[in-house]
Amino acid sequence: MNSFLKSCTALTVALTFSGQAVAQVKELGKGEGQVNIVAWPGYIERGETDKGYDWVTSFEKETGCKVNVKTANTSDEMVSLMNEGGFDLVTASGDASLRLVAGKRVQPINTDLIPSWKTVDDRLKDAPWFTVGGVHYGVPYQWGPNVLMYNTEVFKEAPKSWNIVFEEMNLPDGKSNKGRVQAYDGPIHIADAANYLMFHKPELGIKDPYELNEDQYKAALALLRVQRTLVGRYWHDAAIQVDDFQNEGVVASGSWPFQVNTLIAAKKPIASTVPEEGVTGWADTTMMEADAANPNCAYKWLEHSLAPKVQGDVSAWFGSLPVVPAACKGNELLGEEGCKTNGYENFDKIKFWKTPVSKCASQNNQCVPYYRWVSDYIGVIGGR
């Protein structure tokens, strides 16, 4: 919880981008010998879990840059780690990236130094969660949905609605969902509740789950307080959620494709679906720390991260989607149908994570800002 409070500091001051320092690397030199990266679990693999999934070893051999990885399980944890310093890169989601820009924790990227920049999906190249005033503060990495994961022995057919994790009910096996469902413990989960209300209570007038006026926000919190009575344990650690589905009787939860793929690979009765209400999702960006100690190795990694082989391998491992369209073809691990299976054509259906701010287009600039999402969600989890 402390990370929530630390990471929202920049936002409580003001999410403003005026007066940003525009220091930018002009040319590359010799690698420094290492690069330190904060990343989501499963995003940077060196074959230690499965020898077939390794996009680090070849990079280290080719560049002489040793890759050191610190995993983070929430966007708030990532922001907190970047505020502490000591890292060169971070794979930030849209609910963290603008906070890092506003807090001057990341630097503009010189895309001229990244030859593969021109291969990036045009839908992402200038995305607003890392592009400010026409300046790019990172390089797209991967994107994907927050899916509804479920146990196929309980649900013989895919659940049609997120209601199984938001409302008390008996599940298809005749037993209550109390204590058998989970929810994400990051404050951005408020957007999932808002997304559910958008579909079921249109009278609330929610246009964007990240842009909520006071009444809409209160309705989302009320729904989450109901969910609090159902949740056996909130999750943010992918490995713990995997264990909970295997050993603790959890049968449904919002999740990432990584956990789904991990459990399916272990031959567990697990599947995932996109319910009728749609889904939130993420589009992650690799961003460079403002005072990165190893900028040359960092730029070499940014270029490496866009290689079609790397993009395809990451997508195959994580169940996500590549930001380089060419990665969808000819990748042995991903397969010819991999991008289609992972939802490449659902891009326009995903409500991508972004940082809630008070000045919002859909509610006449009367939205509840993120720092309140942080404090109030802590209260919800704590039973208040």
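Student: How do the residues of the lining of the largest cavity divide into nonpolar, polar and charged?
Tutor: This is a predicted model. The largest cavity has a volume of about 150 Å³ and a lining of 18 residues. By class, that lining divides into nine nonpolar, eight polar and one charged.

Student: Which residues of that lining lie nearest the centre of the largest cavity?
Tutor: The structure holds four cavities of 30 Å³ or more, and the question concerns the largest of them, at about 150 Å³. Of its 18 lining residues, those nearest the centre are Tyr184, His189, Asp192, Gly254 and Ser255.

Student: With which side chain does the side chain of Gln227 make a polar contact?
Tutor: Gln227 is found in helix α9 and has a relative accessibility of 1%, so it counts as buried. Leaving aside neighbours within four places in sequence, Gln227 is in contact with Val165, Phe166, Ala183 and His189. The polar contact, at 3.0 Å, is with the side chain of His189.

Student: How many nonpolar residues does the lining of the second largest cavity have?
Tutor: About 50 Å³ of space lies in the second largest cavity. Its lining consists of Trp40, Ser93, Trp256, Trp282, Asp284, Phe318 and Trp353. One of these residues is polar and one is charged, and the number of nonpolar residues is five.

Student: How far apart are the closest N and O atoms in the salt bridge of Arg99 with Asp76?
Tutor: A search of the whole structure finds 11 salt bridges, and Arg99 forms one of them with Asp76. The pair links distant parts of the chain, with Arg99 in helix α5 and Asp76 in helix α4, 23 residues apart. Both residues are buried. The closest N and O atoms are 3.1 Å apart.

Student: Is Glu289 buried or exposed?
Tutor: Glu289 forms a salt bridge with Arg105, with 2.6 Å between the closest N and O atoms. Glu289 is in the loop between β11 and α12, Arg105 is in the loop between α5 and α6, and 184 residues separate them. Arg105, at 22% relative accessible area, is partly exposed. For Glu289 the relative accessible area is 4%, and the cut-off for buried is under 20%, so Glu289 is buried.

Student: Why does the salt bridge of Arg233 and Asp244 tie together separate parts, and how many residues apart are they in sequence?
Tutor: The side chains of Arg233 and Asp244 meet at 2.4 Å, N to O. Because Arg233 lies in the loop between α9 and α10 while Asp244 lies in helix α10, the pair ties together parts whose separation in sequence is 11 residues.

Definitions and conventions:
Residues are numbered from 1 along each chain as its sequence is written. This is a predicted model: local features need pLDDT of at least 70, side-chain atom pairs count only at pLDDT 80 or more; totals for chains, interfaces and linings use all residues. Side-chain values use heavy atoms; hydrogens and water are left out. On a 1 Å grid over the protein atoms alone, a cavity is a set of points where a 1.4 Å probe fits but cannot get out, and a pocket is an open set with protein on both sides within 12 Å along at least five of seven lines; lining residues have an atom within 4 Å of a point. Grid points are joined across faces, edges and corners, and a volume is the space filled by probe spheres set on the points. Ala, Val, Leu, Ile, Met, Phe, Trp, Tyr, Cys and Pro count as nonpolar, Asp, Glu, Lys and Arg as charged, and the others, Gly among them, as polar. A salt bridge is a side-chain nitrogen of Lys or Arg within 4 Å of a carboxyl oxygen of Asp or Glu. Helices (H or I, at least four residues) and strands (E, at least two) are DSSP runs, numbered from the N terminus. Buried means under 20% relative accessible area, exposed over 50%, partly exposed in between (1.4 Å probe, protein chains only). A polar contact is a pair of N or O atoms within 3.5 Å; within protein, one must be able to donate a hydrogen and the other to accept it, and residues adjacent in sequence count only if both atoms are side-chain atoms. Contact means heavy atoms within 4.5 Å.
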